[in-house]
Amino acid sequence: RNHDLEAALDNLYTTTHQLNHTEELVRTDELTGLHNRRGLTLYLQECRQPSRTPPQGLLLIDCDRFKCINDEHGHLVGDRVLQAVANILRSVVQPGGLACRLGGDEFCLLVSAQKREDVMRYAEFVVATTRNLMQLQQAVPTICPVSVGACLVEPAQDWNDWYARADAALYESKRLGGNRAFWIDGLPPLPGG
């Protein structure tokens with residue numbers, strides 16, 4: 001009887017381990033190892049729990065001229081560039097924050113920050129790091145410049161409001177030529193209004 005109980009416990013342990021591993025795979029971008037959109041959604045749901053306070057800063061990061069890298073050097077080189085950007089984001093994310101690949105060459109970073117200067121320190125670090133690595137470039141790219149849109153998160157607002165603010169800042173960063181961080185206060189105007 002003890003043998004049957006031990007076997008059942010072993011099976012339960014194996015099944016639990018497999019479920020945890022499967023859940024992690026569902027949340028994780030296979031290429032970069034960062035959270036994916038689903039992981040971000042689950043994380044934001046967890047942040048709504050009364051015992052959790054969401055991070056206060058949001059950065060949207062977009063690779064500049066990434067399509068040219070894929071077109072000129074191939075998708076394997078492009079994948080390595082995305083992994084390099086992911087490594088930069090992974091290096092600055094803190095406990096309670098989140099680094100995420102939203103898809104394609106777009107990433108986001110949720111950080112603990114209380115004011116504009118705190119959020120911009122992260123944004124400027126990401127841009128400066130890619131700039132510095134660009135100076136070491138060889139014939140085959142290993143990194144690319146990035147544009148960053150940054151904003152503070154208002155806990156009373158939802159993800160779409162945060163995203164709209166950071167996206168408006170990212171668009172302005174791109175409009176100004178990219179390879180920079182841009183901050184936006186308040187909500188952007190609605191289209192057509």
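Contact here means heavy atoms within 4.5 Å. With that in hand, welcome to a short tour of a predicted model, in which local features need pLDDT of at least 70, side-chain atom pairs count only at pLDDT 80 or more, and totals for chains, interfaces and linings use all residues. Residues are numbered from 1 along each chain as its sequence is written, and side-chain values use heavy atoms, with hydrogens and water left out.

**A threonine and its contacts**
- Threonine 130 sits in helix α5 (residues 116-134); helices (H or I, at least four residues) and strands (E, at least two) are DSSP runs, numbered from the N terminus.
- Threonine 130 is buried, because its relative accessibility is 0% (buried means under 20% relative accessible area, exposed over 50%, partly exposed in between, with a 1.4 Å probe and protein chains only).
- Leaving aside neighbours within four places in sequence, threonine 130 touches Ile88, Ile143, Cys144, Pro145 and Val146.

**The sheet**
- An open sheet is built from 5 strands in the order β2-β3-β1-β4-β5, with mixed pairing; two strands pair if DSSP finds at least two bridges between them.
- β2 (98-103) and β5 (181-183) are at the edges with a single partner strand each, so one side of each has no neighbour in the sheet.
- On average, neighbouring strands of this sheet are turned by 20° against each other, direction ignored (axes are lines fitted to C-alpha atoms, for helices over the stretch in contact, and angles run from 0 to 180 degrees between N-to-C directions).
- Strands β1 (residues 57-63) and β4 (residues 146-152) run antiparallel and are joined by 7 bridges.
- Leucine 58 has cysteine 151 in β4 as its bridge partner.
- Helix α4 (residues 75-92) packs on the sheet, where it touches β1, β2, β3 (106-111) and β4, and its direction makes about 5° with that of β3.

**Two loop residues with positive phi**
- Most residues other than glycine have a negative phi.
- Arginine 65, in the loop between β1 and α3 (66-73), has a positive phi near 55°.
- Arginine 65 counts as exposed because its relative accessibility is 53%.
- Asparagine 179, in the loop between α6 (159-175) and β5, also has a positive phi, of about 55°.
- Asparagine 179 counts as partly exposed because its relative accessibility is 24%.

**A leucine on helix α1**
- Leucine 12 belongs to helix α1 (residues 2-27).
- With a relative accessible area of 52%, leucine 12 is exposed.
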